[in-house]
Amino acid sequence: MRYYKNAVDTGYVQTSTRLIQQAKQRSYAAMHIEPGQKVLDVGCGPAIDTVSLAMMVGTTGQVVGVDADPAQVAEANQRAAQLGLGSKVRHQQSDIYILPFADNEFDAVRCERLFQNLDYPERMLQEMIRVTRPGGWVVIMDTDWGSISIDTPEVEIERRLIRFHAEHNLRNGYAGRQLYRLIKRSGLTDIAIDVFPTFIASLAIGRQVVRLDETEKAALAAGIINEIELSRWRAALEQLDSEGVFFLNGNMVMVYGIKPYPVTSHH
Ligand SMILES: C[S@@+](CC[C@H](N)C(=O)[O-])C[C@H]1O[C@@H](n2cnc3c(N)ncnc32)[C@H](O)[C@@H]1O
């Protein structure tokens, strides 16, 4: 990570878009894509990644995205069409635990920031492995919401709220830190790990990313914090932000490995 002197008031420094872009680029590289290959993005959202992957599969390759949300799929297909990639990149709505693809259909499969929403991450991983060909790469990247920290004198309240967000606003908020265990146990080989730190230096954006409105309200209702603590917490953050020194940081974790070839039995 670099510090850019005199650049403090640009949006670029307020949210670390650049760091997230770098992480995404590393996840594409981890797929080891060659021209002509067919690759899948699970939980594709609005096609940010599938259209980038289109550049890597060459003229004869194919990129497929799946998402459970029909609105995301519609937006994704619209984006691909606008970029003139409609024939190379397609997105479809699907139950993500039952992917509508044959065994071994893809040369590489990736998934970013879906596992944090899942009740059954092992099942999702098994399904990703099923549709990957032996020798192909499976790449998963997700947030460790427990690693988020916010600079404030109210350290104790901050810990409670971050924990509450990870455990109650998300189905699987510790997804990032669990990926190594999950993937190691899955039988993938040649496992590699990357961790990507990122930061936000704007209270407005930080509140959105950690869904602080929702977190504070729910934490209050659950008795995790009381009204007095909530006003102390908010006042402290607003004071820091008014001085231009709000700061949050946290980690994304990426773990990837190769689907092994079936063991041939010898008699
Ligand atoms: C944070 S977005 C990430 C999108 C994209 N992978 C990216 O990194 O830019 C999470 C995506 O997962 C999908 N999703 C969330 N919860 C899901 C669930 N329980 N089952 C299936 N898809 C889900 C959403 O529709 C959304 O597109």
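Me: How many nonpolar, polar and charged residues does the shell around the ligand have?

Reply: Ala, Val, Leu, Ile, Met, Phe, Trp, Tyr, Cys and Pro count as nonpolar, Asp, Glu, Lys and Arg as charged, and the others, Gly among them, as polar. On that basis the shell has six nonpolar, four polar and five charged residues. This is a predicted model, in which local features need pLDDT of at least 70 and side-chain atom pairs count only at pLDDT 80 or more, while totals for chains, interfaces and linings use all residues. Residues are numbered from 1 along each chain as its sequence is written.

Me: Which residues around the ligand come nearest?

Reply: A residue is near a molecule if its C-beta atom, placed from the backbone, lies within 6 Å of it. There are 15 such residues around the ligand, and G45, A68, D69, E112 and N117 come nearest.

Me: In what order do the strands of the sheet stand?

Reply: Strands are DSSP runs of E with at least two residues, helices are runs of H or I with at least four, and both are numbered from the N terminus. Two strands pair if DSSP finds at least two bridges between them. Here seven strands form an open sheet with mixed pairing, in the order β3-β2-β1-β4-β5-β7-β6. β3 (89–93) and β6 (189–200) are at the edges with a single partner strand each, so one side of each has no neighbour in the sheet.

Me: In which sense do β1 and β4 pair?

Reply: β1 (residues 38–42) and β4 (residues 106–112) pair in the parallel sense over four bridges. L40 has V109 of β4 as its bridge partner, and D41 has R110. β4 also pairs with β5 in the parallel sense, over six bridges. There the bridge partner of E112 is M141 in β5.

Me: How many residues of β4 are buried?

Reply: A residue is buried if 20 or more other C-beta atoms lie within 10 Å of its own, exposed if 12 or fewer, and partly exposed in between, with C-beta atoms placed from the backbone. In β4, seven of the seven residues are buried, so the strand is largely enclosed by the rest of the structure. For the protein chain, buried residues make up 37% of the 267 residues.

Me: Which residues of α5 are buried, and what covers them?

Reply: An α-helix has 3.6 residues a turn, so residues three or four places apart point the same way. In α5, the buried residues are P121, M124, L125, M128, I129 and V131. Their cover includes β1, β4, β5 and α7 (175–186), where contact means C-beta atoms, placed from the backbone, within 7 Å.

Methods: Two residues are in contact if their C-beta atoms, placed from the backbone, lie within 7 Å.
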